[in-house]
Amino acid sequence: MRFQVAIRNLAKAALVLFLVTFSISILVRFLPGDPIEILMPFATEEGRAALRAELGLDVNVVQYYFRWLSDLLRGDFGVWYASTGDGGGVPVRSMLAIALPRSLLIMLYTMVVSLVFAVPLGIFLAYRAETRTDRTISNVLFTISSIPNFAIGLGLAFVVGVQLDLLPVIGYVPFAESPSEHFKSLVMPLVSLSVGLVATFSRLLRVDTIATLREDFVTMASSKGLSNSWILWRHVLRPSSSTLMTSAALQMGALIGGAVVIESIFALNGFGMLLASAIATRQYLAIQSLVALIAIAYIVFNLIVDVLYAIVDPRVRGGRG
Amino acid sequence: MCFTPSSTRVSGAGVASVKRAPVGLYLASGWLLVCLFSAVFGDFFPLPKWDEFDYDNLGLPLFSEGHLLGTDYDGSDVLSGLVHGARTSLGISFTAVFIGSVIGGLLGIVSAYRRGWVDSVVTMYFNVSLAIPTIVLTLVMVALFATPDIGDPSAGWPRELVLIISLTLVIIPILGRLARGSALSWSGRDFVLVAESIGMKKRSILWTHIIPNVLPAMMSVAFLAAGVVIVIEGGLAILGVGANPGASWGSMLAKNRGELAIAPHTTLVPAGIIALTVMALNYFGDYFRLRIDDRESRI
């Protein structure tokens with residue numbers, strides 16, 4: 001049973017992946033405007049024909065798609081054409097090698113920071129459920145969660161970066177270059193991305209924890225004389241965290257391309273900015289490869305959610321849940 | 001299930017929800033009324049025109065004479081920009097959410113009602129659109145359709161139109177999945193089974209029992225979605241593909257973002273207005289959700 005479910009989920013995921021990438025192909029191919037005009041405005045007829053063949057514009061969309069796909073599977077993400085317009089360029093892969101690690105790090109830091117704050121907060125609120133403290137903090141969290149991250153980012157950039165002059169407003173410093181500068185360059189982006197997530201995560205955890213606290217095994221544990229904090233952390237947290245985990249995993253997928261606005265405000269030049277500039281300068285092959293990576297990330301994180309469910313909640317194992 | 005977005009999960013059904021002070025609701029409705037009023041009657045306000053540049057008064061601070069919220073670096077009045085921006089931002093948001101809810105709702109309810117291959121195709125469509133982050137989808141759409149030729153920025157469809165279309169595409173799967181899930185859960189309720197057992201036609205069950213119950217749930221999410229759309233529009237503006245410079249709240253802050261150190265109010269005030277509006281919409285959505293939970297627990 002379990003094996004069949006896994007196979008079915010994988011097949012579904014593969015189908016979604018195919019449809020996402022194929023629809024991007026169609027979109028790219030049927031766009032108004034000639035990509036050659038944009039990528040190579042000053043080229044000769046032969047040069048144009050060569051580029052047309054290289055981009056796969058001389059074949060139909062199905063052939064085009066499979067050519068791109070087989071290149072991708074061999075690790076060839078296409079060429080990023082130079083703005084000089086003579087058809088020269090650099091491999092998309094080498095640009096990814098710079099941008100992707102940044103975005104993955106930012107995503108990882110954001111998740112760690114958000115969970116470190118959200119988990120204790122969510123448990124605390126559930127423990128004090130329906131008291132004045134809970135009501136006040138929950139209302140504040142609700143309000144905070146509706147502030148867009150770019151508003152937080154711009155506010156921080158002004159107060160912390162410009163007025164107090166504590167942190168650099170723009171730019172990214174790699175960890176290897178200087179660990180302290182690295183974290184300094186990421187404090188404001190991380191806060192902008194995390195504030196909303198902390199609010200969302202702790203609200204989710206609060207609701208599920210309140211439900212768990214009503215279960216018999218909690219009454220049992222407390223009648224055995226176990227301390228409140230032991231019960232909360234060792235008995236209650238795990239069965240209460242499945243919604244939180246789903247949300248966190250999906251947010252991780254979304255953050256890879258979705259942090260682009262924050263990347264733009266703080267000039268971090270991560271994956272999102274790479275994609276945005278690919279779109280702005282009509283790098284067709286790059287657009288296609290980058291969107292495919294995002295879709296893969298989304299699907300992988302979805303599959304991870306399924307696996308996590310089984311690990312966290314034994315009831316789901318073997319399809320009995 | 002493989003693809004379950006956390007946002008559509010109705011958790012705790014009112015048990016653990018916090019009773020929110022009604023004063024928040026009054027503030028939220030008050031603010032939204034102010035915005036709607038500005039959006040509709042903004043032309044009659046005694047203000048300078050939003051796209052008129054007062055070259056003698058560049059970058060005036062807040063509370064200057066003749067310009068209550070100051071001017072930006074090319075002398076356009078911030079307050080009248082906000083008033084005009086209300087029309088663009090709310091117009092784009094409400095239109096996209098309305099069309100998206102109608103199409104998504106129809107797709108969702110029909111697929112829950114027909115089941116079979118229709119359901120598989122519709123669900124697959126929802127999953128495929130959800131696999132692309134909203135900001136990426138809209139970025140591709142707007143960049144490609146609004147500016148098909150990067151050499152000639154005037155070519156292509158009007159920005160606002162492309163924004164509405166692409167944001168509608170974002171809303172359809174979100175509300176569609178909600179409608180489908182809600183329709184499925186209602187069709188399993190006792191009163192529907194009773195209606196079926198007494199021989200009521202499936203189509204009239206749909207109209208009398210399913211749709212009236214699915215709509216309130218969609219309403220509450222539609223308010224949240226309207227806020228989400230305003231935020232996406234702001235993000236797109238920051239990336240340079242939003243509404244025309246200064247025409248919406250998002251494009252106002254995007255236009256003035258470079259002057260953050262010199263004239264911070266020209267960026268931070270629109271950002272604050274966006275935050276307030278999204279907050280108000282979320283309050284409304286949440287209020288509706290609580291009322292639905294109350295009602296459902298009584299059914």
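Reading from the N terminus, the elements of chain B go α-α-α-α-α-α-α-α-α. That comes to 9 helices and 0 strands. Keep in mind that this is a predicted model.

**Chain B as a whole**
- Of the 299 residues in chain B, 48% are buried.
- Take the contacts in chain B between residues at least 6 apart in sequence: 70% of them join residues at least 24 apart.

**A pair of helices in chain B**
- The crossing of α4(B) past α5(B) is right-handed.
- On the α4(B) side, the residues that meet α5(B) include B:Leu137, B:Met141 and B:Phe145; among their counterparts in α5(B) are B:Val162, B:Leu163 and B:Leu167.
- Sorted by class, the residues of this α4(B)–α5(B) contact are 10 nonpolar, 3 polar and 1 charged.

**Where chain A meets chain B**
- Chain A puts 53 residues into the contact, and chain B puts in 45 residues.
- Several helices of chain A each supply at least two residues to the side touching chain B, among them α1 (2-29), α8 (179-213) and α14 (284-312).
- The biggest giver on that side is α1(A), with 8 residues.
- By class, the side of chain A that touches chain B holds 35 nonpolar, 14 polar and 4 charged residues.

Technical notes: Residues are numbered from 1 along each chain as its sequence is written. Chains are lettered from A and ligands numbered from 1 in the order in which they are written. This is a predicted model: local features need pLDDT of at least 70, side-chain atom pairs count only at pLDDT 80 or more; totals for chains, interfaces and linings use all residues. Two residues are in contact if their C-beta atoms, placed from the backbone, lie within 7 Å. Helices (H or I, at least four residues) and strands (E, at least two) are DSSP runs, numbered from the N terminus. Ala, Val, Leu, Ile, Met, Phe, Trp, Tyr, Cys and Pro count as nonpolar, Asp, Glu, Lys and Arg as charged, and the others, Gly among them, as polar. A crossing is left-handed if the near helix is turned anticlockwise from the far one by less than a right angle, and right-handed if clockwise. A residue is buried if 20 or more other C-beta atoms lie within 10 Å of its own, exposed if 12 or fewer, and partly exposed in between; C-beta atoms are placed from the backbone.
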